[in-house]
Amino acid sequence: MEPQEITYLGKAGSTIKGRNLSQVVKIRLKDKRNCAPIEVPVLMATDTEVQFSIPRVSKGVRTVCVALRDGSCYGSVRMNIKSLPSCQSISPRTTWASGQRKIQITGQSFDLVDSLKIANEHKDLIYNVTRTIIDFEAPSQIVNKATVFPINLVVEGHNIFCDNITYHADPEFVSFSTTDVANDLHVTVEKKTDALNITVKELSIIAIADKEYPCKTDQIQIRLNNNSGDDSIICVLSNKRGLSVQQIKITLGGFSIVRGKPINYYWLLGLILVFMPFILLAMFCFNRIKQKQMSKKLSEQVELLECDIRKEIRDGFAELQTEKSDLIEAFGTIPYLDYKHFAIRTFFPETGPSQNSFVNDVSQDSEKVKQDECSQAISDLIHDQPFLITLVHTLEEQKKFDIKQKCMFASLLSIALHSDLVYLTSVMEDLLIALMDQNSNAQPKLMLRRTESIVEKLLTNWMSMCLYGFLRESVGEPLFLMVSALIQRINKGPVDAITDKALYTLNEDWLLWQAQDFNTLKLKVSFQVIPDSDSDAGTTLDVSVLDCDTIEQAKEKILRSFKSKFGHPYHVQFKDIDLEYVRDPSEDSAPLRLREVDPGPGGVEHGGVKMLNTLGHYKIEDGASIRVTKKKPRANLSTQNSIRDEDNYSTKYCHLIEADLPETDDLQNKNPKRKKLKLKEVYLTKLLGTKVAVHSFVENLFCTIWGMPNNRVPPAVKYFFDFLDTEADKRKISDPDVLHIWKTNSLPLRFWVNILKNPQFVFDMEKTAHLDSCLSVIAQAFMDSFSLTEQQLGKHAPTNKLLYAKDIPKYKEEVKAYYKHIGELPAHSATEFRAFLLEESKKHENEFNESAALCEIYKYILKYFDEIQVKLDQIADLEQKAELKQKLNHVKDLFDERKRCKWE
């Protein structure tokens with residue numbers, strides 16, 4: 001039987017060998033006490049062998065026999081059942097991380113152990129075992145510090161704790177040195193002190209010179225804690241005196257390391273000191289040559305930059321002194337807006353087009369539009385002056401009634417009372433008197449400076465209504481000529497299509513100082529299709545453009561030239577036409593369609609930014625033939641022909657601001673062209689050049705505004721200035737500066753500046769952001785002419801102030817004379833001015849939808865109905881108070897009834 005000794009945990013896979021065993025069905029275990037035997041089933045039986053598993057049994061000696069089916073049992077084998085194996089000691093108790101250190105465990109009954117394991121190892125350890133000793137090699141572990149691992153004995157699947165073993169990091173061998181002693185060579189290896197307690201038998205040291213020289217075990221000594229605090233290992237190589245050892249190889253179980261001979265730094269330092277003078281001399285000579293080359297290169301670059309700057313300054317000066325103004329002073333028919341659209345844009349500057357509901361159609365202008373009962377009732381209510389004054393004061397007292405709503409209400413009131421300018425003027429005067437009473441005791445110079453009340457916006461609208469005739473008859477033409485001349489001047493030079501910055505401008509912030517050189521091209525342009533008339537189809541006109549213009553900019557200049565020359569038939573949209581380049585008019589070759597944006601992924605790109613195509617990109621030369629055709633519908637593959645085709649385009653484009661990026665040719669060439677230096681200050685002369693070019697138009701406009709042909713001024717101006725004088729006398733305001741400021745805040749600041757900065761209020765035209773910036777400079781100069789403060793301008797002053805600095809004193813004298821002449825003119829009688837207002841109302845009768853304005857006014861009344869009731873209760877006259885409240889409630893009842901009818 002195998003085995004004959006087991007633990008009380010039993011034994012799986014026990015075997016009995018013999019003869020005629022194929023009929024055995026059970027194994028019977030009997031003890032000496034004649035207790036009931038234990039029968040174990042047979043797992044496998046052959047004629048010579050029986051396999052079975054012994055279950056957990058008590059300790060002692062058992063007799064084993066094999067039982068047949070009839071119950072008879074044959075054979076008698078003694079089996080000794082013992083206690084579990086146990087460990088007594090382990091040596092050594094430490095090992096290094098790389099493992100393979102030989103470990104010995106002593107104890108009892110080790111012959112009963114099935115396997116040996118360390119706690120975190122899945123594999124069984126390879127070991128040699130006797131009854132009392134187990135020898136094995138420690139496996140490798142990954143540790144950074146001392147770590148304890150338990151060792152377990154495995155018996156029948158049960159882990160029996162044996163002892164602990166401590167793992168340390170691998171030993172650290174620092175260096176080695178050699179010493180000749182008699183005929184021998186002593187190799188001393190320095191090792192940092194550790195807790196491994198390495199023995200000589202575990203060490204293997206090989207000295208490597210011309211070949212390998214191993215150290216014998218009896219020639220190795222270990223000395224702990226030498227003078228340096230480290231351990232020393234001495235290897236003696238007999239009869240090897242003078243041997244030049246270059247490396248040593250140290251092996252310790254699974255750990256192996258090769259150390260080289262330390263460098264003799266003293267020898268290296270001596271070598272460096274010997275060659276140092278030569279090295280320093282070579283470096284000095286090299287740096288000297290390099291410095292000369294760099295100095296020469298920098299001198300050449302500085303000279304080139306100086307040449308560029310000198311050329312730019314000289315060209316700018318020559319252009320300023322020799323350029324002839326070629327701005328056209330005749331522009332054909334001036335595209336005035338009619339009065340009602342002028343008024344709407346002035347009344348509602350931020351939301352003008354959306355307020356067209358307040359304008360009657362052309363068919364309604366000539367006939368009286370009847371108001372319904374509700375509109376008539378609210379009209380009668382606001383024509384009651386005490387109520388209207390109370391309403392305005394009530395609204396202005398509300399904290400939630402902001403400036404935007406105040407302006408809106410004033411404009412609605414202007415439309416609703418447009419047919420009765422006499423009454424509107426009377427209301428405005430009462431409100432202004434109330435405003436003066438508020439400011440007279442505080443700071444009267446600040447009155448009318450801003451639009452923070454209903455009456456201030458009402459005054460702006462009143463000036464617009466009363467001065468439209470003067471604007472149309474006198475100021476309109478010089479204003480249009482000035483704006484057109486400014487647009488022509490801007491378009492004479494490069495304009496960046498993305499930022500709208502231009503080389504010729506009045507505003508430094510919009511100066512395109514990064515623009516490269518450009519050339520003027522005169523193109524022969526012919527229209528192939530005219531929307532309104534076919535009679536002039538094919539007409540050819542010479543149009544001046546720039547080679548740096550984008551395709552859309554070229555379209556704009558072409559359309560502007562044709563509209564200026566031929567008028568309305570050429571009033572077409574950019575999106576409706578294409579430009580085609582006729583390469584050779586004499587041949588029947590297909591024209592090239594010009595695109596601002598190349599379809600698909602093509603086009604010149606740099607860093608993800610796509611450059612817009614220009615006329616220069618298509619190599620169009622001076623005198624080339626261009627054809628304007630109607631845009632044809634194409635397959636929807638790539639519909640974007642310009643950046644205007646895509647409002648929220650994801651592609652980034654550049655035109656002139658990024659023109660210094662490498663072009664395609666430069667990217668392909670190894671020696672790209674040198675980019676010229678561009679300084680913003682060099683181009684400030686362009687501001688002065690633009691100012692000189694349009695100066696005559698600006699002066700003509702200013703003189704027309706404050707000029708007095710035939711010793712006459714617009715009646716509204718004379719009347720209102722006299723009104724201000726009268727009110728100042730009533731308040732005993734003797735400071736002439738206060739009156740000057742009141743008049744300036746009423747007329748120039750409140751009306752003329754608005755017109756100067758917004759010519760689109762007067763003409764059918766578009767205002768670009770760049771044009772707006774230039775008009776702001778002119779408007780600022782206009783207002784500076786009315787200022788009483790003397791400007792102290794230095795070299796650091798803003799350029800828009802410096803630009804007109806020499807002209808402002810002259811303008812101030814003209815303004816003072818203007819105000820003086822107005823004061824000296826005979827006053828208009830009340831009858832004369834009343835007749836003027838009646839005439840203005842009659843001129844534009846039925847042009848506005850007063851009912852719509854009245855309905856909007858009622859919304860404000862309804863919103864603050866309770867507050868208006870409280871304000872009416874403060875009226876002292878009981879009869880008037882009752883009458884006004886009755887009218888107010890009547891209007892509310894009518895609107896409520898109309899609302900119910902609509903629901904029904």
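So, helix α12, residues 715-730: Phe720 and Phe723 both sit in it, three residues apart, roughly one turn of the helix. Bear in mind that what we're looking at is a predicted model. Both of those phenylalanines are buried, Phe720 and Phe723. Their rings make an aromatic pair, with 5.8 Å from centre to centre and 35° between the planes, which puts the pair in the tilted class.

Lys718 is bridged to Asp722, and the closest N and O atoms are 3.1 Å apart. These two are four residues apart in the helix, so again about one helical turn separates them. Now, is that lysine buried or exposed? Lys718 has 2% relative accessibility, so it counts as buried. Asp722 comes out at 18%, and because the cut-off for buried is under 20%, Asp722 is buried as well.

Okay, back to rings. How many aromatic pairs does the structure hold? The count is 31. One of them is Tyr339 with Phe342: the ring centres are 6.4 Å apart and the planes meet at 45°, so that pair is tilted. Those two belong to helix α2, residues 339-347, and being three residues apart they're separated by about one helical turn. Tyr339 is buried, and Phe342 is too.

Phe702, Trp706, Phe721, Phe782, Phe786, Tyr811, Tyr818 and Tyr819 are joined up through ring pairs.

We've also got charges sitting over rings. Arg489 lies over the face of Tyr504, 4.2 Å from the ring centre. And Lys892 has its charged end over the ring of Phe865, at 5.6 Å from the centre.

Next, salt bridges in general. The count comes to 35. Take Glu202 and Arg101: they form a salt bridge in which the closest N and O atoms are 2.7 Å apart. Where in the chain do Glu202 and Arg101 lie? Glu202 is in the loop between β17 (184-191) and β18 (203-208), while Arg101 is in the loop between β9 (94-96) and β10 (102-108). That's 101 residues apart, so to speak a link between distant parts of the chain.

Last stop, helix α18, residues 830-843. Which residues of α18 are buried? They are Phe833, Phe836, Leu837, Glu840 and Ser841. Looking down the helix axis, the buried residues fall within an arc of 135°, so they line one face of α18. Over on the other side, Thr831 and Lys842 are exposed.

Note on methods. Residues numbered from 1 in each chain as written. Predicted model: local features only at pLDDT ≥ 70, side-chain atom pairs only at ≥ 80, totals over all residues. Heavy atoms only, no water. Buried < 20%, exposed > 50% of the residue type's maximum accessible area, 1.4 Å probe, protein only. Arc of directions from axis to C-beta. Phe/Tyr/Trp six-rings, centres within 6.5 Å; stacked < 30°, edge-to-face > 60°. Lys NZ or Arg CZ within 6 Å of the ring centre and 35° of its normal. Salt bridge = Lys/Arg side-chain N within 4 Å of Asp/Glu carboxyl O.
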